[in-house]
Amino acid sequence: MKLVDYKSSFTKNHSLGIAQKAYDMAQYYGFPHDKVMRFYFAGAMHDIGKLVISNQILEKPEKLDVEEFEQMKHHAEITYYILTKIHGFEDIAEWGGNHHEKLDGMG
């Protein structure tokens, strides 16, 4: 589950922190245990699309330029694509792949 966090020191522990927040939220809302665990897993995997993003971009200390930012924006849809390839992960793919979407669906 720390795959992306190992790729970039900048994201160290980020994915598991998100996973814990998703787990806590799902428990708070009283979801059944299996769904709570699916939320946890989606949180842990939400940035798997960053595996295809260059470390020069992931770890750049200053602001990304326009081209770099465009590349970075695609990590969420890449996450969705990767997770949809796993049978039974439709909900996890949806949650993980849309983690930057606003409620109005405008990104």
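Guide: Let us begin with the salt bridge, defined as a side-chain nitrogen of Lys or Arg within 4 Å of a carboxyl oxygen of Asp or Glu. Please note that this is a predicted model, in which local features need pLDDT of at least 70 and side-chain atom pairs count only at pLDDT 80 or more, while totals for chains, interfaces and linings use all residues. Residues are numbered from 1 along each chain as its sequence is written, and side-chain values use heavy atoms, with hydrogens and water left out.

Visitor: Are Arg 38 and Asp 91 buried, partly exposed or exposed?

Guide: The classes rest on relative accessible area: buried is under 20%, exposed is over 50%, and partly exposed lies in between, with a 1.4 Å probe and protein chains only. Arg 38 is partly exposed at 26%, and Asp 91 is also partly exposed, at 26%.

Visitor: What is found for the salt bridge of Lys 50?

Guide: Lys 50 pairs with Asp 47, with 3.3 Å between the closest N and O atoms. Lys 50 counts as buried because its relative accessibility is 11%; Asp 47 is buried as well, at 2%. A further salt bridge joins Glu 68 and Lys 60 at 2.6 Å, N to O. There, Glu 68 is buried at 16%, whereas Lys 60 is partly exposed at 22%.

Visitor: How many aromatic pairs does the structure hold?

Guide: Rings of Phe, Tyr and Trp (its six-membered ring) pair if their centres lie within 6.5 Å; planes under 30 degrees apart count as stacked, over 60 as edge-to-face and the rest as tilted. The structure holds five such pairs. Tyr 23 and Tyr 40 are edge-to-face, because their planes stand at 90°, with ring centres 6.2 Å apart. Tyr 23 belongs to helix H2 (residues 14-28) and Tyr 40 to helix H3 (residues 33-45), so the pair ties together parts 17 residues apart in sequence. Phe 39 and Trp 95, by contrast, are stacked, at 4.0 Å centre to centre and 10° between the planes. Since Phe 39 lies in H3 and Trp 95 in H7 (residues 90-97), their pair ties together parts 56 residues apart in sequence. Phe 39 is buried at 13%, and Trp 95 is partly exposed at 28%. Ring pairs also link Phe 31 with Phe 39 and Trp 95 into a cluster.

Visitor: Which residue lies over the face of Phe 31?

Guide: A charge sits over a ring if NZ of Lys or CZ of Arg is within 6 Å of the ring centre and within 35 degrees of the ring normal. Lys 35 takes this position over Phe 31, at 4.7 Å from the ring centre.

Conventions. Helices (H or I, at least four residues) and strands (E, at least two) are DSSP runs, numbered from the N terminus.
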